[in-house]
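Here are some quick notes to read with the model open. Have a look at the structure first, then go through the points in order.

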Amino acid sequence: MITRELDALPKRDVYRILTSLVIPRPIAWISTVDAAGRVNLAPFSSFMGVFGPPMLVVTLARRKDGSLKDTHQNLRTNREAVVHLADLPLLEALHASGAEVGPEVSEVERLGLVTAPSLHVAPPRLVAAPVALECRLNREIELGPASTLVLLDVLTAHAADHIWNSEYDCADASLWQPITRLASVAGPNYGALGQTFKLGASELP
Ligand SMILES: Cc1cc2nc3c(=O)[nH]c(=O)nc-3n(C[C@H](O)[C@H](O)[C@H](O)COP(=O)(O)O)c2cc1C
């Protein structure tokens, strides 16, 4: 058994070790718009759903120079976002959208991704993404000088026809291959949903 006391380690090591252990992580592929209406797109895997109130949480780190990432700046500007879940055919585009580029560059245009207007928020949704969740910023919680937790209220859920089970009126995981973030240095850094199981009855609250 390998044991590491995290408070005795430099921040970089803590990040490397913990992100390699807490896997698989879903990836929020987030579109936002800036004050000029330009569409921004970026992936964030410090992400999860909160299913009491319908919310999502995402951790947005600062850039190395201390500035806010475009997604964060845009959320502060107009409090709106669309959080997509991508499937395997979109893996390369999702990865490429994580490159650090200036706010004048729209990742959506650069990657040739087609968008459609959202119903309730200004950022458009990606047509090719199997899941798109229209969201509004609920609040920000500062986690220190370098990162912020953002809580997003989910207003509207869109799902592709081919992942939907109309009998249960929800998506069926066996019908698509959501991609996940794995360790970022050692071994593979992405995965897709592989083996799945159904044990007992799925319960609803
Ligand atoms: C798969 C993946 C997951 C990422 N997860 C996060 C994350 O959870 N938090 C974060 O701040 N940056 C994360 N990043 C880095 C951002 O995507 C990257 O800084 C991006 O350029 C931010 O874009 P923006 O400035 O347009 O918002 C991730 C990158 C990739 C490729």
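**Notes on a loop serine, the ligand and a tryptophan**

1. Start with a side-chain pair: Ser45 and Arg25 make a polar contact through their side chains, at 3.3 Å. A polar contact here is a pair of N or O atoms within 3.5 Å; within protein, one must be able to donate a hydrogen and the other to accept it, and residues adjacent in sequence count only if both atoms are side-chain atoms.

2. Before going on, the ground rules. This is a predicted model, where local features need pLDDT of at least 70 and side-chain atom pairs count only at pLDDT 80 or more, while totals for chains, interfaces and linings use all residues. Residues are numbered from 1 along each chain as its sequence is written, and side-chain values use heavy atoms, with hydrogens and water left out.

3. Where does Ser45 lie? You'll find Ser45 in the loop between β3 (39-44) and β4 (47-51). Strands (E, at least two residues) and helices (H or I, at least four) are DSSP runs, numbered from the N terminus. Ser45 counts as buried because its relative accessibility is 18%; buried means under 20% relative accessible area, exposed over 50%, partly exposed in between (1.4 Å probe, protein chains only). Setting aside neighbours within four places in sequence, Ser45 is in contact (heavy atoms within 4.5 Å) with Arg25, Pro26, Ile27 and Arg181.

4. Now the ligand. Around the ligand there are 19 residues, and the closest are Asn40, Pro43, Ser46, Ala61 and Thr71; a residue belongs here if one of its heavy atoms lies within 4 Å. Asn40 puts a polar side-chain atom 2.8 Å from a ligand oxygen. With Pro43, a polar backbone atom is 2.7 Å from an oxygen atom of the ligand. Ala61 has a backbone N or O atom 2.8 Å from a ligand oxygen. On its own the ligand has 650 Å² of accessible area, and the protein covers 90% of that (Shrake-Rupley method, 1.4 Å probe).

5. Which elements give two or more residues to the shell around the ligand? They are β3, β5 (54-61) and α2 (70-78). The largest share, four residues, comes from β3.

6. Last, check Trp29 in strand β2 (residues 28-33). Trp29 counts as buried because its relative accessibility is 0%. The side chains of Trp29 and Ser97 are joined by a polar contact of 2.8 Å. Trp29 and Val131 sit 102 residues apart in sequence, with 9.9 Å between their C-alpha atoms.
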